[in-house]
Amino acid sequence: MIKLIKQGAYYMEGKIVKEQNAFMTSDKKDKAVKNTLSYAILKAHNVGDGEGLSIRFDAIASHDITYVGIVQTAKASGLTEFPIPYTLTNCHNSLCAVGGTINEDDHVFGLSAAKKYGGDYVPAHLAVIHQYMRETGAKCGAMILGSDSHTRYGALGTMAIGEGGPELVKQLLKQTYDVARPEVVAVYLKGKLRKGVGPQDVALALVKATFASGFVKNKILEFIGPGISGLSMDFRNGIDVMTTETTCLSSIWETDDKTLEYYKDHGREKDYKKLTVKQPAYYDGAITVDLSRIEPMIALPFHPSNAYTIRELLENPYEILEKVEAQGRKIKGDESFTLTDKIKDGKIYIDQGVIAGCAGGMYENIAEAAEILRDGNIGTGAFTLSVYPSSQPVYKSLIENGYIGMLMQSGATVKTAFCGPCFGAGDVPANNGLSIRHTTRNFENREGSKPAQGQLAAVALMDARSIAATAKNGGVLTSALDVEYVKRLKKYRYDSEIYKNRVYRGAGKADKTAELVYGPNIADWPEQIPLGKNLLMKAVSVLSDPVTTTDELIPSGETSSYRSNPLKLAEFTLSRKDPKYVERAKAVKADENIRRETGRFPENVLKELGGFIPAEGTIYGSVVVSNKPGDGSAREQAASCQRVLGGVANICKEYATKRYRSNLINWGMLPFTTDKITLKAGDYLYIENIDAAIKGGDDRVVAKVISRGKSYDVALRLGTLTEDERAIILEGCLINFNRRKNG
């Protein structure tokens, strides 16, 4: 089904050939490296002249739980107008159901920012961010940066990257996205799909094959091969958006007549360009995918990589579900979480189905689900089915072609474009419920439950086709291969008038006399102090999980309403993973305030240190210790919340994603790694002359650990830092760096 080639490989004469079998000379290899699509696009956008890349993007995009902080940060750094097209969408807080007026206040702020600085503004319920950018923003050969981890438009010939908000701020300030030149991995598609297999099935198989080993981490996936031609654009987009879950940096696909037809259908033929890999092309690795062997998949809690074929699960339901059940009980902290109780008479019963968002809400997914449900119904039992078209144009075409009526008649509930089911702010299942979703993620707590309050539900990822098959079977888990239906779909018709009549298009039309409109919950970032000569840190949270997601660092769901108020949002930091974290971090910050005011450490700190550490010139702050933090969302608040509570660093074995490490740096926090985690909560770490180490370009420092009266040294690595990144850390955060830079 999927094979990994972990050494170098060539794409030559239409086939993948291992480097060892290609017999290429070094000069031919050097030329072949430059034949990839990725090389050409990165070269065209690289404005630097060093070994690494300094990228300027063609456009950027944000949604309504990120754009307020981005605009506020850029404004504090000297922003006068948006220098490149900036699209502000409203698809995350669009329910406006939590927190009084604050969600809609953010939307009003967003429109005022688009008018003042010259941007595009997409009102709530009109489209989810990535569908809108596919329909209106993608261009062959272009690069787009988005403040959402699923920023992926590779199937449309656009190399897109999801990052934390500060990286978008840099683009708004005409700075660059600095990254080491990424390796490129070919994804060679061959074969023909079976009816009933959807894009989520291919995507989950790909995530399962690559995630755990980190095979494609921070690399670019380049999709090539004869299998592409048999895939529709919706199908390609559905695979592409899920590449984020492999932890790759970005993706790009060869384009063809179907891509051209997509651009024509959306009135943007001029944005099309044929992208074809020149052969021979050299890749740092390769993945071969035989589409004919892909089966309907299910990714069980609590990660998209925890995937099985539906057939495998139904053949071994107890053995497989018991493993997940054990993990859920560990998360909840008691034995009340169950999954094996869903098995009855050898069948697995599901409580809820959802088809939504940038992955599931596309036209073909919903239309084919409707065809499967034609002349059937979901029944009057506990099972429910919710469907969210990804944009109003998609919704309108589904209505015109009769698919919405078919879904409604079956008992499904059809709703407007909204990302909530992807992050726990919509269709939250009942406690102990099992939901199957064609969305992007199923991390723990991602569905909106709160284990600390005795709540835990489970989300499994599936394709819309098998979700519809399950719904037609009254909630009994069913593969779409096992139902009869007509796959012929009525053609999608895009109506551009919907956006023309409602979207504010202000790109390049800044009105500097316009005023930003602030609601009571929109607050400025609190001041952050520069790094001192020495650094004293206290480990206030030590996490033992193999991977810590951004959902655990700062929970999603209803907390999203507070994303425009840094101090209020910070109260939720690690609340579902380490409920005492905020209290402990605040205590350290209070002690640091005393040091700053009096010039000496409080007695409680001196007593625990058991020795002399100079108060003058020593910055004191908290640190979070974990194994592999930052998997998942691009949200900068996973780092900024720690910072506003007095955080000065993270210490881990490795960072799950580049974007989380970048968020730490942009908020003035030191991104330490170490070989072995020996620290305990309450331990202190002291580093002398940390400022000199940063200025001098050191990538390694030695910290003295003071642990319960004993001390020992530990080596901490900083990794590669650019000159600007070192300056940002020294200044205390990106805002301070730009204020200093701009005088």
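How many nonpolar, polar and charged residues are in the lining of the second largest cavity, by class? There are three nonpolar, four polar and three charged residues, where Ala, Val, Leu, Ile, Met, Phe, Trp, Tyr, Cys and Pro count as nonpolar, Asp, Glu, Lys and Arg as charged, and the others, Gly among them, as polar.

Before we go on, this is a predicted model: local features need pLDDT of at least 70, side-chain atom pairs count only at pLDDT 80 or more, and totals for chains, interfaces and linings use all residues. Residues are numbered from 1 along each chain as its sequence is written, and side-chain values use heavy atoms, without hydrogens and water.

A cavity here is a set of points on a 1 Å grid over the protein atoms alone where a 1.4 Å probe fits but cannot get out, and lining residues have an atom within 4 Å of a point. Grid points are joined across faces, edges and corners, and a volume is the space filled by probe spheres set on the points. The structure has six cavities of 30 Å³ or more. Here are two of them.

| Cavity | Volume |
|---|---|
| Largest cavity | about 220 Å³ |
| Second largest cavity | about 50 Å³ |

In the largest cavity, 22 residues form the lining, and His-63, His-92, Asp-148, His-150 and Arg-446 are the closest to its centre. This lining divides into seven nonpolar, ten polar and five charged residues. Around the second largest cavity, the lining includes Ile-161, Glu-163, Cys-248 and Arg-659.

Technical notes
1 Å grid on protein atoms, 1.4 Å probe; cavity = no way out; pocket = protein on both sides within 12 Å on 5 of 7 lines; lining within 4 Å.
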